[in-house]
Amino acid sequence: MIHSLPSSEPLTAQKLFSKLYVSYYARLVRFASLYVGAMGDAENIVQDFFLYLWERKEILPELQQPDAYLFSAVKHRCLNFLRSQLSIAVSYTHLRAHET
């Protein structure tokens, strides 16, 4: 259960999602930008992650450590993004080498 988000009433999954979004969005974008460099890419990664989280919001009440989960998930998404960018760059270089 998420204990770090104070509330006077029980949180529905939707309310919990809203609290997480408001509390973590900006921090996660800054964190992601340290990995990917470009703020626009960082925002896209975090927005995609929150969309993923929204689609699975029923798991939110069960999160024991939201900080660890959110930052770890965004980190892995950043690494996947960088891996895909590297793959695109290598493919482009390979195609250019065959053109000449």
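The chain contains 3 helices and 0 strands. Helices (H or I, at least four residues) and strands (E, at least two) are DSSP runs, numbered from the N terminus. Along the sequence the pattern reads α-α-α. The model is predicted, so local features need pLDDT of at least 70, side-chain atom pairs count only at pLDDT 80 or more, and totals for chains, interfaces and linings use all residues. Residues are numbered from 1 along each chain as its sequence is written, and side-chain values use heavy atoms, with hydrogens and water left out.

The accessible surface of the chain comes to about 6700 Å². Carbon and sulfur atoms hold 58% of that surface. Accessible areas come from the Shrake-Rupley method with a 1.4 Å probe, and for residues only the protein chains shown count as cover. Of the 100 residues in the chain, 27% are buried. Buried means under 20% relative accessible area, exposed over 50%, and partly exposed in between (1.4 Å probe, protein chains only). Contact means heavy atoms within 4.5 Å. Among contacts in the chain with a separation of 6 or more, 63% join residues 24 or more positions apart.

In soluble globular proteins, nonpolar side chains tend to be buried together. A nonpolar core is defined here as a set of buried Ala, Val, Leu, Ile, Met, Phe, Trp, Tyr and Cys residues joined through side-chain atoms within 4.5 Å. The largest such core has 23 residues. Within this core, Leu28, Val46 and Phe50 touch the most other members. Helix 1, helix 2 and helix 3 (66–99) each supply at least two residues of the core. Helix 1 gives the largest share, 9 residues. Beyond its neighbours within four places in sequence, Val46 is in contact with Tyr25, Leu28, Val29, Ala32 and Val74.

Aromatic rings were examined next. Rings of Phe, Tyr and Trp (its six-membered ring) pair if their centres lie within 6.5 Å; planes under 30 degrees apart count as stacked, over 60 as edge-to-face and the rest as tilted. Phe17 counts as buried, because its relative accessibility is 11%. Tyr21 counts as partly exposed, at 34% relative accessibility. Tyr21 also pairs with Phe50: the ring centres are 4.9 Å apart and the planes lie at 70°, so this pair is edge-to-face. The pair links distant parts of the chain, with Tyr21 in helix 1 and Phe50 in helix 2 (residues 39–55), 29 residues apart. Phe50 is buried, with a relative accessible area of 2%.

Ring pairs join Phe17, Tyr21, Tyr25, Phe49, Phe50, Tyr52, Trp54 and Tyr69 into a cluster. Arg77 lies over the face of Tyr52, at 5.0 Å from the ring centre. A charge sits over a ring if NZ of Lys or CZ of Arg is within 6 Å of the ring centre and within 35 degrees of the ring normal.

Leu34 is placed in helix 1. Leu34 is exposed, with a relative accessible area of 72%. Leu34 and Cys78 are 44 residues apart in sequence and 9.4 Å apart in space, C-alpha to C-alpha.
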